[in-house]
Amino acid sequence: MSSEPAPTATPPAEPADAAVDTPVGPLLGTTGETPEATEETGAPETSEAPDEVPADPPPSARPLTAALLNLSGFGLGYLHLRAWVRLVVALAATAGLAWVALPIGREPIDLWWAVGYLGALALFALDAALLTRRRARRPARRRTVWSPRAAGRAAWATLAVVPLLGAAYVVTQHEVLEQHLAYDLDEAEESLKSIGTSFGTFTNTYDDAYATYVQTAADHPDTRAADRVPELIDGLYAQAKDEDECKTLIAVRHFAKPKTPGPLQLVAEDELPGALHDCGMRSTEDGDFNNARPTLEELLANHPASEPAAALPEDLATWRDRLLKKLAAKGGCTDTEDARDSVHFLGGFDSGKVSALADEVRKQVPAGMLKCAERQFQNQQYLAALENLDGLLNSYPRAKETGYAERLQIAAGIANVDPKAGVKLPARTEPEATITLTVYNYSPDDFEMVYTGPATGVVTIDPCDDCTYYAEGDAPECTGYSLTVPSTKVTVPAGSYLTAVRRDGVVTGWMDDGGQESVEKADFSIDGTWYCTWIYKP
């Protein structure tokens, strides 16, 4: 046996970066127990050197896991890596989004906020993955909050946090919007209920409610509130259209304006011809021709091809026939006045078909006016009878009733001067004329003498060029014969008469010496009776 100590093997040197994880004491000046020598050799006991260098332990954090944890929106990847500053930044981004999104209002947040936040999460995930890779090269800094397996499970579980929160926000925000929209619609509906059907007075209220309905359907078509809008618009339109046809026309005309938004404009535009027709016919039947004609003229001018315009002549003819039937049955003054007005109304239309309807009325109106004047005369309404007869003679000078109307006008004029004179309604057929009456005019003015009795008429005499006015109390020498004084002869039936003077179409009484006017009674029973007239100096 050799007495030399056995050779000892020199252990291999540790890698440089292994020294980071395994601290050692100072090589010099250390204290502590010295390894004891072995009994056999007396040398310190040493371990045998390994045959190969051991591999690094698996990393405590994986890049994918850290990235997925950061996609949760709460910076869990930074928390796992103990990157506290980065964790604060990630939480600040989420807090900022929460500050923008909460409280949830009727309108969602702008899409760019969500896009920006998702972009930030992607950056945080990428940063966490890169941070993990850098730390993998420095094993001394591999300490993490969770084990790799626990972190991996948490990463996949929390990956659904952002989608779930986003979905919850969308659902909640939509419900909040529904509540706001329902409130707006209810408020608009209540405002309409509070005003009733007075469209013309509360046009602005109707417009505001309609604008709310239209805007709700346009801005939020996929909401429950939008599903209510068609029914609400129908209710608004029905409420605006009053039972009165002309009030309905006001509403229809308003919504038919070209600038009206929404579906009601087309509906109202289609209904406008019918509304014009109904309002015009209602005004016609009520005798409001000042409103009826412009309304119906608008129908014929602006909607000539519409069904209401085509039916208008026949409808007006039916109304005219009812008017004439009523006039023939009763013949009252009111019916006659309505018939007279209808002539002016129908005859004033530009449409030939409509204006021709007035011809039939013109044929029957004079008889009605004369009949009305007779009733007024019998009721001693002489002035009203005169007005009626003046209208007949001026408007229908060629009517067959004008002959009797002129005689009735004279009698009414004399009766109006002296209602107590006992003027009677002129006979339709006068007795045979047997008395010749001569009237002389001793005045420089032309002269008309009217008379009524067995016959009614007027004596017209030219002025006397050589005559002058007489002072009160004076009179001409009336001999019943003169070659220089103008005169007129008339033949009348014998009997008692009432006479008066007519100047400028107005019947006045004879002027007596006291300046009073009166109707003079005369007896024309002797053939060759004569009259003399003169005028006092004014």
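Which residues in helix 8 meet which residues in helix 9? In this predicted model, Leu236, Tyr237 and Ala240 are the residues of helix 8 in the contact, and they meet Ala251, Val252 and Phe255 of helix 9. By class, this contact has six nonpolar residues, no polar ones and no charged ones.

Helix 9 covers residues 245-255. Its buried residues are Cys246, Thr248, Leu249, Ala251, Val252, His254 and Phe255. These buried residues pack against helix 7 (203-219), helix 8 (224-240), helix 10 (264-285) and helix 11 (289-302). At the start of helix 9, the backbone nitrogen of Cys246 has a side-chain oxygen of Asp244 within 3.0 Å.

The table gives the packing of both pairs.

| Helix pair | Angle between axes | Distance between axes |
|---|---|---|
| Helix 8 and helix 9 | about 135° | 8 Å |

The angle in the table makes helix 8 oblique to helix 9. Helix 15 passes helix 16 in a left-handed crossing. On the helix 15 side, the contact is made by Pro366, Met369, Leu370, Cys372, Ala373, Gln376 and Phe377. Helix 16 contributes Tyr382, Ala384, Ala385, Asn388, Leu389, Gly391 and Leu392. The residues of this contact divide into eleven nonpolar, three polar and no charged.

Technical notes
Residues numbered from 1 in each chain as written. Predicted model: local features only at pLDDT ≥ 70, side-chain atom pairs only at ≥ 80, totals over all residues. Heavy atoms only, no water. Left-handed = near helix turned anticlockwise from the far one by under 90°. Helix = DSSP H or I, 4+ residues; strand = E, 2+ residues; numbered from the N terminus. Contact = heavy atoms within 4.5 Å. Nonpolar A, V, L, I, M, F, W, Y, C, P; charged D, E, K, R; others polar. Buried < 20%, exposed > 50% of the residue type's maximum accessible area, 1.4 Å probe, protein only. Polar contact = N/O pair within 3.5 Å; in protein donor to acceptor, adjacent residues only side chain to side chain. Axes fitted to C-alpha atoms, helices over the stretch in contact; angles between N-to-C directions. Parallel < 35°, antiparallel > 145°, perpendicular 65-115°, else oblique.
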